[in-house]
Amino acid sequence: MSGKKQTTGSNAPVQCLTERPAWKALAGHFQTIRDLHLRQLFADDPRRGERLTAEAAGIYLDYSKNRVTDETIRLLVNLAEECSLHEHIAAMFRGERINVTEKRAVLHTALRAPKTERIVVDGIDVVTGVHAVLERMSEFARQVRSGAWRGYTGKRIRNVINIGIGGSDLGPVMVYEALRYYSQRDMTFRFVSNVDGTDFVEATHDLNPEETLFIICSKTFTTLETLTNAHAARAWSLRKLGDDLAVRRHFVAVSTNGEGVSQFGIDTANMFGFWDWVGGRYSMDSAIGLSTMIAIGPENFRAMLAGFHAMDQHFRSAPFTQNLPVLMGMLTVWNSNFFNAQTVAVLPYEQYLKRFPAYLQQLTMESNGKHVTLDGARVAYQTGPVYWGEPGTNGQHSFYQLIHQGTRLIPCDFIGFCQELNPVANHHDLLISNLFAQTEALAFGKTEDEVKAGGVAGWLVPHRIFDGNRPTNTILAERLTPETLGALVALYEHSVFTQGTIWNIDSFDQWGVELGKALAERTSVELESRDEPLLGHDSSTNALIRRYRLLRNKRP
């Protein structure tokens, strides 16, 4: 890309990223350290592992096992400052319309702001509205948890099923699994998102409709997948309950479409709203988290919000050199754009966080999987690495082989807790010893001399060598609590924002999901048609549609 100026949606001139002095300084610096090994960096600085750390909101970050020096961090901070990260952070917290393609504010931080804070959007203090919804959620959650809210036949609600998709599913299910330890154990919580009928059938097959509450999460109450599952749930319930009026006792909605909610049969008094300045993947701490609040209780939910807010305040005010989200975001830029790392592995050594990598996939890749800058110019650099991962020792016996000895450089985030929630013999010490050992092995590897010293000889030696020099972050907290989870999620939210600011992209729209949805609406009509439709797709799609229709009609 040339050195010409780009413009943002506000027409403010923005210099092309790769032409910025700070970027060029980083590129020159990279050439001098690209072959430095972590073995050498640690040998030259015995206190490196103590110095290259930061801590806030109960989260401790050790980034010393990244391929960086103090100069690297200085230059990365310079780049962040040159890209006006301070100003972008302030604009987000003020409620400016930084989602430029949809002309919306980005205020998920307002969802966890204390009552005393004031954030004005279009002349309205949004914090007041946030706390009004929280109070309504809290009262409803208390009624369901206590048994005061009864089903149509008078039976207590024992099962809650959240129906949503994208952020309306990934957030609630991740938080429920993460905080299951704190949940009300005499209740069952399940989540339906896939339009595949199997998802709904398996979620309901052993439940009694008289004891089941559905939470339908759709901002517009028009989302095809969610409404398809919602109507399946309605039919399933009424087969047993019979009366349409039963819907009012067994369904509530998280939506802004009162008319659509009412037409479905849900009492709008049981509709919990949210706002267009809350993106789906940032909505788990809004009314979308109603199932979470019922599961863990209003007090624990508010504790989670406090954890979010603590990290928000840290991100907003801490110097970049000690700012956890900024450091993690800039290290991702460093590894992606200079070392050409294509992915990031997120590896929680905590079984309760088994859905955390899946949650991060939407947060990170829907946010930063963009190929144009804010003004629509094609980017000339990599954006949005692929995020993936599995819990702890499961992954060690699966894909760690590739991370250790494969040909691809895969930066890793290791997440662990110093205290276990479920003490069983020495399990937790063994678990965390594996975490520490993996980061050590990835950093330092095993040389040819070390392999030979271990008694290995001949042709087998190359197979036992580990190159090391594989970058990792280690994220440690005392214990997995609602506060800690809130801080951890906010850490990644703001890291994503930091990356997007550097890449000059809109981290808050998601136009890439629209094309497939639009084509699917057309194709579904062709699949369901009784008569042979006139097909106007490409030859491959036409042939697939015809084959599907032929085989579908051969059901036994």
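Helix α14 (324–337), strand β14 (412–417) and helix α20 (482–503) each supply at least two residues of the lining of the largest cavity. Helices (H or I, at least four residues) and strands (E, at least two) are DSSP runs, numbered from the N terminus. The model is predicted; local features need pLDDT of at least 70, side-chain atom pairs count only at pLDDT 80 or more, and totals for chains, interfaces and linings use all residues. Residues are numbered from 1 along each chain as its sequence is written, and side-chain values use heavy atoms, without hydrogens and water.

A cavity is a set of points, on a 1 Å grid over the protein atoms alone, where a 1.4 Å probe fits but cannot get out; lining residues have an atom within 4 Å of a point. The largest cavity holds about 100 Å³ of space. Its lining comprises 13 residues, of which M328, T332, V344, D413 and N473 are the closest to the centre. Helix α14 gives the largest share of this lining, four residues. By class, seven lining residues are nonpolar, five polar and one charged. Here Ala, Val, Leu, Ile, Met, Phe, Trp, Tyr, Cys and Pro count as nonpolar, Asp, Glu, Lys and Arg as charged, and the others, Gly among them, as polar.

Aromatic contacts were examined next. Rings of Phe, Tyr and Trp (its six-membered ring) pair if their centres lie within 6.5 Å; planes under 30 degrees apart count as stacked, over 60 as edge-to-face and the rest as tilted. The count comes to 30 aromatic pairs. F30 and W334 form an edge-to-face pair, 5.8 Å centre to centre, with 85 degrees between the planes. This pair links distant parts of the chain: F30 lies in helix α1 (residues 21–33) and W334 in helix α14, 304 residues apart. Both F30 and W334 are buried (under 20% relative accessible area, with a 1.4 Å probe and protein chains only). Y349 and F414 form a tilted pair, 5.9 Å centre to centre, with 35 degrees between the planes. Y349 lies in the loop between β12 (343–348) and α15 (356–368) and F414 in strand β14, so this pair ties together parts 65 residues apart in sequence. Y349 counts as buried at 1% relative accessibility. F414 is buried too, with a relative accessible area of 0%. One aromatic cluster is formed by W23, F30, W334, F338, F339 and Y381.

Charged ends also sit over rings. For R249, the ring is that of W149, 3.8 Å away at its centre (NZ of Lys or CZ of Arg within 6 Å of the ring centre and within 35 degrees of the ring normal).

Notes: On a 1 Å grid over the protein atoms alone, a cavity is a set of points where a 1.4 Å probe fits but cannot get out, and a pocket is an open set with protein on both sides within 12 Å along at least five of seven lines; lining residues have an atom within 4 Å of a point. Grid points are joined across faces, edges and corners, and a volume is the space filled by probe spheres set on the points. Buried means under 20% relative accessible area, exposed over 50%, partly exposed in between (1.4 Å probe, protein chains only).
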